[in-house]
Amino acid sequence: MNRGSVQASLASIVLAFEAIVIFLAALVLWGLTVDGDTPFGLPRWSLLVAGGIVLVLLVATIALLRHRWAFWLGWAVQGLVFVSGILNPAMFIVGALFGVMWAYCMIVGARIDREKAAHEAAGKESA
């Protein structure tokens, strides 16, 4: 992946903000939950572990965005965040919002990168 890729820049911004939101959401879910009142009867600390796993995936995806396949990993993480709504229905909204932002950044970033490459190619031909 080109270092100057707009798509990679936009993706890293979305993932970074999503990491902040997931961190805070995991803390809120942990703080508002009473033992025995968790989804599926899970221990209270499991909400922090689940949030931590998603957080590590988000940060790892940011680091791997120089590879083309990391964008697909980003899509998988967006799906995982959406599915986390099983633990708390509010996460369906969070997952949907970040999924839409991710899709927008992938589409617009790729278009800008294509236009930038075409402009650079046209500049080299005229020189």
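## Helix packing exercises

Leaving out neighbours within four places in sequence, Thr61 touches Leu15, Ala70, Leu73, Gly74 and Val77. The model behind these exercises is predicted.

**Exercise 1.** Find which helix holds Thr61, and decide whether Thr61 is buried or exposed.

*Solution.* Start with the location: Thr61 lies in helix H2, residues 45–64. Next, take its relative accessibility, which is 0%. Buried means under 20%, so Thr61 counts as buried.

**Exercise 2.** Work out how H2 and H3 are oriented to each other, and what kinds of residues make their contact.

*Solution.* First, look at the axes: those of H2 and helix H3 (residues 69–83) come within 9 Å and cross at roughly 160°. Angles over 145 degrees count as roughly antiparallel, so that is the relation of H2 to H3. The crossing is left-handed. Then list the contact: H2 brings Val54, Leu57, Leu58, Thr61 and Leu64, while H3 brings Trp69, Ala70, Leu73, Gly74, Val77, Leu80 and Val81. Sorting the residues of this contact gives 10 nonpolar, two polar and no charged.

**Exercise 3.** Now do the analysis for H1 and H4: what is their relative direction, and which handedness does their crossing have?

*Solution.* The axes of H1 (residues 6–32) and H4 (residues 90–126) come within 7 Å, crossing at roughly 165°. The two helices are therefore roughly antiparallel. H1 passes H4 in a right-handed crossing. The residues of this contact comprise 18 nonpolar, two polar and three charged. Among those taking part are Leu15, Phe17 and Glu18 from H1, and Trp102, Asp113 and Lys116 from H4.

Notes
Residues numbered from 1 in each chain as written. Predicted model: local features only at pLDDT ≥ 70, side-chain atom pairs only at ≥ 80, totals over all residues. Heavy atoms only, no water. Axes fitted to C-alpha atoms, helices over the stretch in contact; angles between N-to-C directions. Helix = DSSP H or I, 4+ residues; strand = E, 2+ residues; numbered from the N terminus. Parallel < 35°, antiparallel > 145°, perpendicular 65-115°, else oblique. Left-handed = near helix turned anticlockwise from the far one by under 90°. Contact = heavy atoms within 4.5 Å. Nonpolar A, V, L, I, M, F, W, Y, C, P; charged D, E, K, R; others polar. Buried < 20%, exposed > 50% of the residue type's maximum accessible area, 1.4 Å probe, protein only.
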